[in-house]
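Please look over the sequence and the structure below before reading on.

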Amino acid sequence: MPRTASGPEPVAEAAPVKLPPVEAIPVRRVRAARPLKVKVYGVLRWLHVYTSMVSLLIVLFFALTGITLNHPDWVFGNQEVTKTTTGRLPTGWQTAGKPNWLAVVEDLRANAGVKGRAGDYVAAGSADPEDSLSFHAPGYAADVFIAKDTGAYKLSVTQQGFVAVLNDFHKGRDSGGAWAWVIDVSGGFLALIALTGLGLLVYLKKVRRAALLTMLGGAILVGVLMKLAS
């Protein structure tokens with residue numbers, strides 16, 4: 001083709017060359033083994049974080065009730081109300097002239113509204129003409145006195161305020177075996193949180209010395225206070 005006055009002849013673009021696909025070569029990553037020190041730190045951190053979160057509310061409960069338990073003179077939530085009622089047990093509450101305590105307890109629960117753990121059974125004798133038993137629950141006490149001849153009873157119920165109820169749960173008083181397990185498990189969690197926290201402290205070089213000295217000072221202070229209080 002002849003040249004034109006407008007410029008050089010345009011060059012045609014070459015068609016793209018298709019190369020055959022290259023198979024991907026799998027790269028195998030090798031994870032370096034972590035030192036034992038790093039593994040121990042990871043385990044301690046995991047235990048400390050998750051035991052703290054699992055036991056957060058129960059630890060908070062025992063912390064707050066520890067304060068209220070130390071101040072029984074506080075009026076807020078410690079009000080005590082005593083109520084006395086009378087009634088009569090149905091026929092068959094005695095067997096061979098002696099109280100059928102199971103029948104008595106069931107009737108009092110169903111008709112008198114008592115609750116808690118029944119105990120302190122006392123059968124009438126020459127010195128005491130009345131049968132008696134008691135019911136106990138956190139912040140709650142009920143005493144029942146039953147006339148041996150007639151089955152008429154006098155029920156005295158003492159109900160304390162909600163703070164007193166929480167204090168009894170803190171002490172495990174009249175709270176049953178299930179709650180006793182809660183207290184034991186909570187104590188185990190607290191011990192584990194403290195020990196794992198102490199273990200993590202070993203890895204914090206910048207504050208380790210100061211923190212250990214502070215812990216030692218706190219232990220000495222508690223020991224001195226215990227000695228003064230004894």
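With which residue does arginine 173 form a salt bridge, its closest N and O atoms being 3.8 Å apart? The partner of arginine 173 is aspartate 174. A salt bridge here is a side-chain nitrogen of Lys or Arg within 4 Å of a carboxyl oxygen of Asp or Glu. The model is predicted, so local features need pLDDT of at least 70 and side-chain atom pairs count only at pLDDT 80 or more, while totals for chains, interfaces and linings use all residues. Residues are numbered from 1 along each chain as its sequence is written, and side-chain values use heavy atoms, with hydrogens and water left out.

The structure holds 4 salt bridges. Side chains of opposite charge can pair when their charged atoms come close. Arginine 173 also meets aspartate 168 in a salt bridge, at 3.9 Å from N to O. Aspartate 168 has a relative accessible area of 5% and is therefore buried, whereas arginine 173, at 45%, counts as partly exposed. For these terms, buried means under 20% relative accessible area, exposed over 50%, and partly exposed in between, with a 1.4 Å probe and protein chains only. Through shared partners, salt bridges join Arg117, Asp168, Lys171, Arg173 and Asp174 into one network.

Another of the salt bridges is formed by arginine 117 and aspartate 174, whose closest N and O atoms are 3.3 Å apart. This pair links distant parts of the chain, 57 residues apart: arginine 117 is in strand β4 (residues 117–122), and aspartate 174 is in the loop between α4 and α5 (176–201). Helices (H or I, at least four residues) and strands (E, at least two) are DSSP runs, numbered from the N terminus. Both ends of the pair are partly exposed, arginine 117 at 48% relative accessibility and aspartate 174 at 24%.

Next comes the helix pair. The axes of helix α2 (residues 56–69) and helix α4 (residues 162–171) come within 9 Å and cross at roughly 115 degrees. That makes α2 roughly perpendicular to α4, a term for angles of 65 to 115 degrees; under 35 counts as roughly parallel, over 145 as roughly antiparallel, and the rest as oblique. The axes are lines fitted to C-alpha atoms, for helices over the stretch in contact, and the angles run from 0 to 180 degrees between N-to-C directions. On the α2 side, the residues that meet α4 include Phe61, Phe62 and Leu69, and those of α4 include Val163, Leu166 and Phe169. Contact means heavy atoms within 4.5 Å.

Two buried residues remain. Glycine 161 lies in the loop between β7 (152–160) and α4, and its relative accessible area is 11%, so glycine 161 is buried. Leaving aside residues up to four places away in sequence, glycine 161 touches Gly77, Asn78 and Gln79. Glycine 139 is 22 residues from glycine 161 in sequence, and their C-alpha atoms are 7.1 Å apart. Threonine 196 lies in helix α5 and is buried, with a relative accessible area of 3%.
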